[in-house]
Amino acid sequence: MKVFITGATGYIGGSIAEMLVAAGHSVTGLVRADEKALLLKARGIAPILGTMDDNAILTESAQAADAVIHTASADHPASVVALVTALERSGKTLIHTTGSAIVADHADGEYATKTPLTEDSYFEPVPFRRARVDMNRYIRQAAMEKGVRSIVICPTMVYGTGRGLQADSDQIPKLTALSRQIGAGVYFGKGLSYYSNVHIDDLVDLYLLAMEKAPGGSFFFAENGHSSFKDLAGLISNHLGFGGKTVSLPVEQVIQQYGEYARLGAASNSYVKAVNARRLGWSPKAPSLADWIKSLPCV
Ligand SMILES: NC(=O)c1ccc[n+]([C@@H]2O[C@H](COP(=O)([O-])OP(=O)(O)OC[C@H]3O[C@@H](n4cnc5c(N)ncnc54)[C@H](OP(=O)(O)O)[C@@H]3O)[C@@H](O)[C@H]2O)c1
C-alpha cells in the first residue's frame, strides 16, 4: 500500500513511517527541511518537500497515495480541510492524529477524576481545546458526508523511544528536563490529577490496525494506563538519581511561564479508557509507563 504521512520527521509520524516501511509499505513523507529529507530517504521514506500550508502539495500527495496519515498537527485546520477535500469521494483512508488534551480540565493538580471517559462519554472541552474538538468532528463527518474513510486517533501521554528521527516525546522529556534543573521530580499544585498514557510502539500498532480495519468515522483513544502527576514526578526523580525526592511548583508558574498548553498537559485530568481500540482487537504489549521509566539508565 502507498501511504502518505505528514509529520514523518516527528515522534509519532516518524515511528509510524518506520513501521510501515518495515511492513513493506511504500511511504511518502512530508518534510520541511532539505537535511531531514535526506535522512528520511536513507530510511526508505520518500520525502515530499513542503509544509502543512502547501495546499497543492498536500492535495497531490494525498491523491497519489492509497492512505494518508496526518500527524503533523492536531490543531491546523487548513491542512485538514486540504486533505479531506483531496480525498473527497475516493473512499480512501485518512487517519488524523488528535490528542487527549481535548478532555483535559482545569483541575490544576487539585484532584483526580474517579472515572475514566470513554469514546462515548460526553465532555465539555475547555475553551482552549474547543477548536480541536470541532475539527475532529469535521473529520469524522467526512466519512458520512464526503466519501472519505476518515478515522481519528487520540493519543494520551505518549512515552517510549520513538523509532524515527525524533526519539523523544513531549510531556515526560519536558518534565524530566525541568526536574533535572531543579534537583527533584517536579509536579504542579497537589499533582493529584490523572493523565492516561500509552507506549509509542502500542500507539503505532493501533494506527496499523486502524488502517487495516477501522470503520470510517471512528474515533479511538489510545491508552494503556494512567498516572497522577505526583507519582510521575516520583518516577522521574528516581530515574534522575534524586532518590524519589519531589517538589511541588505553583500552577500559576506553569501558566505564566508556559501557557495554557502546558497547564493542560502537566496539571489537568485527561483520564480515558481506550474501549474502541480494544474492541477493534488492539492489544497493547509494551511496558507500562512506570516499568519503562525504571528501565531507563539512571542519568
Ligand atoms: N507526543 C505526545 O505525547 C502526543 C500525545 C497526544 C497528541 N499528540 C499530538 O500528535 C501530533 C504529533 O506529535 P509528535 O509528538 O509526533 O510531535 P513532533 O515530534 O513535534 O512532530 C511534529 C511533526 O510535524 C512536523 N510539522 C510541524 N509543523 C509543520 C508544518 N507547518 N508543516 C509541515 N510539517 C510540520 C514536524 O516537522 P519538523 O521535523 O520539520 O519540525 C514533525 O515532523 C501533535 O499534534 C501532538 O499535539 C502528541
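Predicted model: local features only at pLDDT ≥ 70, side-chain atom pairs only at ≥ 80, totals over all residues.
A residue is called buried here if 20 or more other C-beta atoms lie within 10 Å of its own, exposed if 12 or fewer do, and partly exposed in between, with C-beta atoms placed from the backbone. Residues are numbered from 1 along each chain as its sequence is written.

**A few words you'll need**

- Helices (H or I, at least four residues) and strands (E, at least two) are DSSP runs, numbered from the N terminus.
- Two strands pair if DSSP finds at least two bridges between them.
- Strands of a sheet pair through backbone hydrogen bonds, either parallel or antiparallel.

**The seven-stranded sheet**

- Let's start with an open sheet of 7 strands, in the order E3-E2-E1-E4-E5-E6-E10, with parallel pairing.
- Strand E3 (45–49) and strand E10 (219–222) sit at the edges with a single partner strand each, so one side of each has no neighbour in the sheet.
- The twist averages 20° from one strand to the next; for angles like this, axes are lines fitted to C-alpha atoms (for helices, over the stretch in contact), and values run from 0 to 180 degrees between N-to-C directions.
- Strand E1 (residues 2–6) runs parallel to strand E2 (residues 26–31), and 4 bridges join them.
- E1 also pairs with E4 in the parallel sense, over 4 bridges.
- Look for Val 3: it stands opposite Val 27 in E2, and opposite Ala 67 in E4.
- E4 pairs with E5 as well, in the parallel sense over 4 bridges, and the bridge partner of His 70 in E5 is His 96.

**Helices lying on that sheet**

- Helix H1 lies across E1, E2, E3, strand E4 (67–70), E5 and strand E6 (149–155), running at about 165° to E1. For this kind of packing, two residues are in contact if their C-beta atoms, placed from the backbone, lie within 7 Å.
- Helix H2 (residues 34–42) lies across E2 and E3, at about 160° to E3.

**Where H1 meets H7**

- Two packed helices are described by the angle between their axes and the distance between the axes.
- H1 and helix H7 (residues 200–213) pack at an angle of about 65°, with their axes 10 Å apart.
- On the H1 side, the contact is made by Ile 12, Ser 15, Ile 16 and Met 19, while H7 brings Ile 200, Leu 203, Val 204, Tyr 207 and Leu 208.
- By class, this contact has 8 nonpolar, 1 polar and no charged residues. Ala, Val, Leu, Ile, Met, Phe, Trp, Tyr, Cys and Pro count as nonpolar, Asp, Glu, Lys and Arg as charged, and the others, Gly among them, as polar.

**The three-stranded sheet**

- Another open sheet has 3 strands in the order E7-E9-E11, and its pairing is mixed.
- Its edge strands are strand E7 (157–159) and strand E11 (226–228), each pairing on one side only.
- Strand E9 (residues 194–199) and E11 run antiparallel, joined by 3 bridges.
- The bridge partner of Tyr 194 in E11 is Ser 228.
- Helix H8 (residues 229–239) lies across E9 and E11, at about 90° to E11.

**Around the ligand**

- There are 26 residues around the ligand, and Gly 7, Thr 9, Gly 10, Gly 99 and Val 158 come nearest; a residue is near a molecule or strand if its C-beta atom, placed from the backbone, lies within 6 Å of it.
- Helix H1 (11–22) gives the most to this shell, with 3 residues.
- The shell's residues divide into 10 nonpolar, 13 polar and 3 charged.

**Two loop residues to look up**

- Arg 89 is in the loop between helix H4 (77–87) and strand E5 (93–97), and its phi is near 60°, a positive value in a residue other than glycine.
- Is Arg 89 buried or exposed? Arg 89 counts as exposed because it has 8 C-beta neighbours inside 10 Å.
- Asp 108 is in the loop between E5 and helix H5 (130–145), and its phi is also positive, near 55°.
- Asp 108 counts as buried because it has 21 C-beta neighbours inside 10 Å.
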